[in-house]
Amino acid sequence: MAESKASPELKVTRGTLEGVLLLEPRVFQDDRGFFLESYNQKTMAAAGIPHAFVQDNHSFSKRNVLRGLHYQVQRPQGKLVRVVGGQILDVVLDLRRASKTFGKWESVRLSAENRLILWVPEGLAHGFRVVSESAHVLYKATDYYFPTFEKTILWNDPDLKIDWELQGTPIVSDKDRRGTRFAKAEVYA
(Lines give C-alpha, C1' and ligand atoms only; values in the text may rest on other atoms or scores of the structure.)
Protein backbone atom coordinates (compact mmCIF):
# COMPACT_ATOMS: atom_id res chain seq x y z
CA MET A 1 0.00 0.00 0.00
CA ALA A 2 1.21 3.47 -0.86
CA GLU A 3 0.28 7.08 -0.06
CA SER A 4 -2.72 7.83 2.09
CA LYS A 5 -5.18 10.62 2.59
CA ALA A 6 -7.45 11.10 5.56
CA SER A 7 -10.85 12.57 6.22
CA PRO A 8 -12.67 12.71 9.56
CA GLU A 9 -14.76 9.67 8.55
CA LEU A 10 -12.28 7.55 6.63
CA LYS A 11 -8.55 7.13 6.14
CA VAL A 12 -7.79 6.07 2.56
CA THR A 13 -4.57 4.34 1.49
CA ARG A 14 -3.88 3.65 -2.20
CA GLY A 15 -2.80 0.14 -3.11
CA THR A 16 0.07 -0.70 -5.41
CA LEU A 17 -2.43 -1.81 -8.08
CA GLU A 18 -4.32 0.89 -9.96
CA GLY A 19 -7.60 1.75 -8.27
CA VAL A 20 -7.18 -0.52 -5.22
CA LEU A 21 -7.93 1.30 -1.95
CA LEU A 22 -7.56 0.26 1.67
CA LEU A 23 -10.09 2.06 3.86
CA GLU A 24 -9.84 2.57 7.59
CA PRO A 25 -13.14 3.79 9.03
CA ARG A 26 -13.31 6.00 12.06
CA VAL A 27 -14.06 3.84 15.12
CA PHE A 28 -15.85 5.08 18.22
CA GLN A 29 -14.86 2.80 21.06
CA ASP A 30 -15.53 2.78 24.80
CA ASP A 31 -16.07 0.26 27.59
CA ARG A 32 -19.35 -0.88 25.96
CA GLY A 33 -17.70 -1.85 22.65
CA PHE A 34 -17.39 0.06 19.40
CA PHE A 35 -19.31 1.65 16.54
CA LEU A 36 -18.15 2.30 12.99
CA GLU A 37 -19.81 3.30 9.77
CA SER A 38 -18.95 0.48 7.35
CA TYR A 39 -20.62 2.12 4.37
CA ASN A 40 -21.77 5.63 3.56
CA GLN A 41 -22.44 6.54 -0.06
CA LYS A 42 -21.21 10.14 0.27
CA THR A 43 -18.06 9.18 2.18
CA MET A 44 -17.21 6.42 -0.31
CA ALA A 45 -17.76 8.75 -3.28
CA ALA A 46 -15.43 11.31 -1.70
CA ALA A 47 -12.84 8.52 -1.26
CA GLY A 48 -13.04 7.65 -4.98
CA ILE A 49 -15.70 4.93 -4.92
CA PRO A 50 -18.80 6.51 -6.48
CA HIS A 51 -20.30 3.14 -7.47
CA ALA A 52 -23.75 1.83 -6.65
CA PHE A 53 -23.82 -1.58 -4.97
CA VAL A 54 -26.48 -4.13 -5.89
CA GLN A 55 -25.59 -7.21 -3.87
CA ASP A 56 -24.21 -8.04 -0.42
CA ASN A 57 -22.42 -11.36 0.17
CA HIS A 58 -21.38 -13.20 3.33
CA SER A 59 -18.78 -15.97 3.22
CA PHE A 60 -17.87 -18.23 6.15
CA SER A 61 -14.73 -20.38 5.90
CA LYS A 62 -12.53 -22.46 8.16
CA ARG A 63 -8.78 -22.08 8.73
CA ASN A 64 -6.63 -22.47 5.60
CA VAL A 65 -9.57 -22.38 3.18
CA LEU A 66 -8.39 -20.63 0.02
CA ARG A 67 -11.03 -19.14 -2.29
CA GLY A 68 -10.25 -17.65 -5.69
CA LEU A 69 -9.06 -16.08 -7.78
CA HIS A 70 -12.53 -15.18 -9.14
CA TYR A 71 -13.79 -12.57 -11.60
CA GLN A 72 -16.43 -11.94 -14.28
CA VAL A 73 -15.22 -10.52 -17.61
CA GLN A 74 -18.79 -9.95 -18.71
CA ARG A 75 -20.68 -8.05 -16.03
CA PRO A 76 -17.54 -7.26 -13.95
CA GLN A 77 -17.92 -6.64 -10.25
CA GLY A 78 -16.24 -4.08 -8.05
CA LYS A 79 -16.11 -5.34 -4.46
CA LEU A 80 -15.96 -3.66 -1.07
CA VAL A 81 -14.55 -6.38 1.22
CA ARG A 82 -14.35 -6.54 5.02
CA VAL A 83 -14.00 -9.18 7.72
CA VAL A 84 -16.34 -9.23 10.72
CA GLY A 85 -14.97 -12.36 12.37
CA GLY A 86 -11.46 -13.79 12.14
CA GLN A 87 -8.68 -12.85 9.72
CA ILE A 88 -7.88 -13.41 6.05
CA LEU A 89 -5.07 -12.75 3.64
CA ASP A 90 -6.90 -11.02 0.79
CA VAL A 91 -5.31 -11.17 -2.69
CA VAL A 92 -6.17 -9.17 -5.81
CA LEU A 93 -4.74 -9.64 -9.32
CA ASP A 94 -4.93 -6.97 -12.04
CA LEU A 95 -6.49 -8.39 -15.24
CA ARG A 96 -6.91 -5.06 -17.08
CA ARG A 97 -4.63 -5.26 -20.12
CA ALA A 98 -4.56 -1.43 -20.42
CA SER A 99 -3.48 -1.01 -16.80
CA LYS A 100 0.11 -0.18 -15.81
CA THR A 101 -0.18 -2.92 -13.16
CA PHE A 102 -1.57 -5.64 -15.48
CA GLY A 103 -0.53 -9.11 -14.28
CA LYS A 104 0.59 -7.88 -10.88
CA TRP A 105 -0.91 -8.93 -7.56
CA GLU A 106 -1.21 -7.41 -4.13
CA SER A 107 -2.21 -8.81 -0.74
CA VAL A 108 -3.47 -7.34 2.52
CA ARG A 109 -4.61 -8.79 5.83
CA LEU A 110 -8.18 -7.96 6.76
CA SER A 111 -9.52 -8.84 10.18
CA ALA A 112 -12.29 -8.17 12.65
CA GLU A 113 -9.63 -6.53 14.83
CA ASN A 114 -8.12 -4.12 12.28
CA ARG A 115 -11.57 -3.33 10.76
CA LEU A 116 -10.01 -2.44 7.40
CA ILE A 117 -12.10 -2.43 4.23
CA LEU A 118 -10.63 -3.25 0.81
CA TRP A 119 -11.94 -1.70 -2.41
CA VAL A 120 -11.37 -4.09 -5.32
CA PRO A 121 -12.24 -2.25 -8.56
CA GLU A 122 -13.76 -3.91 -11.60
CA GLY A 123 -11.14 -5.68 -13.68
CA LEU A 124 -9.35 -7.47 -10.86
CA ALA A 125 -9.54 -11.10 -9.81
CA HIS A 126 -10.15 -11.61 -6.09
CA GLY A 127 -9.40 -14.35 -3.60
CA PHE A 128 -8.46 -14.95 0.00
CA ARG A 129 -7.03 -17.48 2.45
CA VAL A 130 -8.34 -17.80 6.00
CA VAL A 131 -5.52 -17.21 8.49
CA SER A 132 -7.53 -17.55 11.72
CA GLU A 133 -9.54 -20.52 13.04
CA SER A 134 -12.44 -19.32 10.85
CA ALA A 135 -13.54 -16.10 9.17
CA HIS A 136 -16.71 -14.27 8.21
CA VAL A 137 -16.12 -12.14 5.11
CA LEU A 138 -18.71 -9.59 3.96
CA TYR A 139 -18.56 -7.83 0.64
CA LYS A 140 -20.69 -5.50 -1.39
CA ALA A 141 -20.68 -5.94 -5.18
CA THR A 142 -21.36 -3.42 -7.95
CA ASP A 143 -23.03 -6.04 -10.15
CA TYR A 144 -24.84 -9.30 -9.61
CA TYR A 145 -23.14 -12.68 -9.51
CA PHE A 146 -23.58 -14.56 -12.77
CA PRO A 147 -22.28 -18.17 -12.50
CA THR A 148 -22.17 -18.47 -16.30
CA PHE A 149 -19.78 -15.50 -16.52
CA GLU A 150 -17.53 -16.43 -13.59
CA LYS A 151 -13.90 -17.17 -14.38
CA THR A 152 -11.16 -18.50 -12.12
CA ILE A 153 -7.42 -17.90 -12.32
CA LEU A 154 -5.40 -20.81 -10.93
CA TRP A 155 -4.53 -19.77 -7.37
CA ASN A 156 -1.08 -21.38 -7.49
CA ASP A 157 -0.07 -20.42 -11.03
CA PRO A 158 3.75 -20.63 -10.91
CA ASP A 159 4.07 -17.64 -13.28
CA LEU A 160 2.27 -15.34 -10.82
CA LYS A 161 4.25 -16.41 -7.74
CA ILE A 162 1.51 -15.28 -5.35
CA ASP A 163 2.62 -15.58 -1.74
CA TRP A 164 -0.44 -16.97 0.04
CA GLU A 165 1.63 -17.28 3.25
CA LEU A 166 0.62 -20.93 3.34
CA GLN A 167 0.66 -22.97 6.53
CA GLY A 168 0.29 -26.48 5.23
CA THR A 169 -1.87 -27.52 2.30
CA PRO A 170 -4.78 -25.13 1.66
CA ILE A 171 -8.37 -26.33 1.38
CA VAL A 172 -9.43 -25.51 -2.19
CA SER A 173 -12.66 -26.27 -4.08
CA ASP A 174 -12.61 -28.43 -7.21
CA LYS A 175 -13.58 -25.37 -9.27
CA ASP A 176 -10.61 -23.39 -7.93
CA ARG A 177 -8.27 -26.37 -8.40
CA ARG A 178 -9.22 -26.35 -12.10
CA GLY A 179 -8.59 -22.61 -12.57
CA THR A 180 -7.01 -21.26 -15.74
CA ARG A 181 -3.35 -20.27 -15.88
CA PHE A 182 -2.93 -16.49 -16.15
CA ALA A 183 -1.19 -16.77 -19.56
CA LYS A 184 -4.32 -18.42 -21.04
CA ALA A 185 -6.99 -16.53 -19.07
CA GLU A 186 -9.61 -14.26 -20.55
CA VAL A 187 -8.78 -10.74 -19.39
CA TYR A 188 -10.20 -7.22 -19.70
CA ALA A 189 -9.31 -4.94 -22.62
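A cavity is a set of grid points where a 1.4 Å probe fits but cannot get out, and its lining residues have an atom within 4 Å of a point. The views below show a predicted model.

**View 1. The largest cavity and its lining.** H70, Y71, Q72, Q77, K79, L124 and Y188 line the largest cavity. About 40 Å³ of space lies inside this cavity. The structure holds one cavity of 30 Å³ or more. Strand β7, residues 66-72, gives the largest share of the cavity lining: three residues. Sorted by class, the cavity lining has three nonpolar, three polar and one charged residues.

**View 2. The largest pocket and its centre.** The largest pocket holds about 380 Å³ of space. Its lining counts 22 residues, and the closest to the pocket centre are H70, K79, Y139, E150 and K175.

**View 3. The elements around the largest pocket.** Which element gives the most to the lining of the largest pocket? Strand β7 does, with five residues. At least two lining residues come from each of β6, β7, β12 (124-130) and α2 (174-177). By class, the pocket lining has eight nonpolar, nine polar and five charged residues.

**View 4. P50 in its loop.** P50 is found in the loop that runs between α1 (41-47) and β6 (55-62). Is P50 buried or exposed? P50 has a relative accessible area of 58%, so this residue is exposed, the cut-off being over 50%. Leaving out residues up to four places away in sequence, P50 touches M44 and A45. P50 and E24 are 26 residues apart in sequence, and their C-alpha atoms are 17 Å apart in space.

**View 5. The chain behind the close-ups.** The secondary structure of the chain comes to two helices and 14 strands. The radius of gyration is 16 Å, close to the 16 Å that the globule rule gives for 189 residues, so the chain is as compact as a globular protein of that length. Along its principal axes, the C-alpha trace spans about 50 × 35 × 30 Å.

View 6. Of the 189 residues, 49% count as buried. The chain exposes about 9,900 Å², and carbon and sulfur atoms supply 50% of that area. Among contacts with a separation of 6 or more, 76% join residues 24 or more positions apart.

Definitions and conventions: Residues are numbered from 1 along each chain as its sequence is written. This is a predicted model: local features need pLDDT of at least 70, side-chain atom pairs count only at pLDDT 80 or more; totals for chains, interfaces and linings use all residues. Side-chain values use heavy atoms; hydrogens and water are left out. On a 1 Å grid over the protein atoms alone, a cavity is a set of points where a 1.4 Å probe fits but cannot get out, and a pocket is an open set with protein on both sides within 12 Å along at least five of seven lines; lining residues have an atom within 4 Å of a point. Grid points are joined across faces, edges and corners, and a volume is the space filled by probe spheres set on the points. Helices (H or I, at least four residues) and strands (E, at least two) are DSSP runs, numbered from the N terminus. Ala, Val, Leu, Ile, Met, Phe, Trp, Tyr, Cys and Pro count as nonpolar, Asp, Glu, Lys and Arg as charged, and the others, Gly among them, as polar. The radius of gyration is taken over C-alpha atoms; the globule rule is 2.2 Å times the number of residues to the power 0.38. Buried means under 20% relative accessible area, exposed over 50%, partly exposed in between (1.4 Å probe, protein chains only). Contact means heavy atoms within 4.5 Å. Accessible areas come from the Shrake-Rupley method with a 1.4 Å probe; for residues, only the protein chains shown count as cover.
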